[in-house]
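Student: Could you take me through a close look at how the helices pack in this one? I'd like the geometry and the residues that make the contacts.

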Amino acid sequence: QQGQYPPQQGQYPPQQGQYPPQQGQGYPAQTYPQQQVVVVQQAYQGPPPQTNAIIAWVACLCFFWPIGLVAVLKANSADRCIGRGDFDGARRLGESAKKWAIASIITQVVLGVVIGIIYAIYIATVVSSAYGYK
């Protein structure tokens, strides 16, 4: 008969005695003063804040993508905050996404200028050596 356990050998010994009786009354019950907690939330009026997702995606796809990717993630987090109703968090993350997107664009422009200058120097060096200019 497969799947059955073999019979057990012996039994647990019987329990001797019981727990010892408690000494004294223990700790007195603690009481806490009653406090009222009031949570005030201001209802957000107006349209939800901008997530700046479009500029984040443009920065990621057309400019310096590592920094642009951070912008996209911030914009996505801002969108999730709007879904939760956290408009202050969405505003902060949307502004952060915009800053990261701008940083991505500036980084790409600076890198493009630096690489262009290096390329121009290289071409000038090759041309001058080809024509024998010193």
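Tutor: The axes of helix H2 (residues 65–84) and H3 come within 8 Å and cross at roughly 165 degrees, axes being lines fitted to C-alpha atoms, for helices over the stretch in contact, with angles running from 0 to 180 degrees between N-to-C directions. Helices here are DSSP runs (H or I, at least four residues), numbered from the N terminus. H2 is therefore roughly antiparallel to H3 (angles over 145 degrees count as roughly antiparallel, under 35 as roughly parallel). Their crossing is left-handed, that is, the near helix is turned anticlockwise from the far one by less than a right angle. This is a predicted model: local features need pLDDT of at least 70, side-chain atom pairs count only at pLDDT 80 or more, and totals for chains, interfaces and linings use all residues. Residues are numbered from 1 along each chain as its sequence is written, and side-chain values use heavy atoms, leaving out hydrogens and water.

H1 (residues 53–62) and H3 (residues 87–130) have axes that come within 9 Å and cross at roughly 30 degrees, so H1 and H3 are roughly parallel to each other. H1 passes H3 in a left-handed crossing. On the H1 side, Ile55, Ala56 and Ala59 make the contact, and on the H3 side Ala101, Ser104 and Ile105 (contact means heavy atoms within 4.5 Å). These residues divide into five nonpolar, one polar and no charged, where Ala, Val, Leu, Ile, Met, Phe, Trp, Tyr, Cys and Pro count as nonpolar, Asp, Glu, Lys and Arg as charged, and the others, Gly among them, as polar.

Conventions: Helices (H or I, at least four residues) and strands (E, at least two) are DSSP runs, numbered from the N terminus. Angles under 35 degrees count as roughly parallel, over 145 as roughly antiparallel, 65 to 115 as roughly perpendicular and the rest as oblique.
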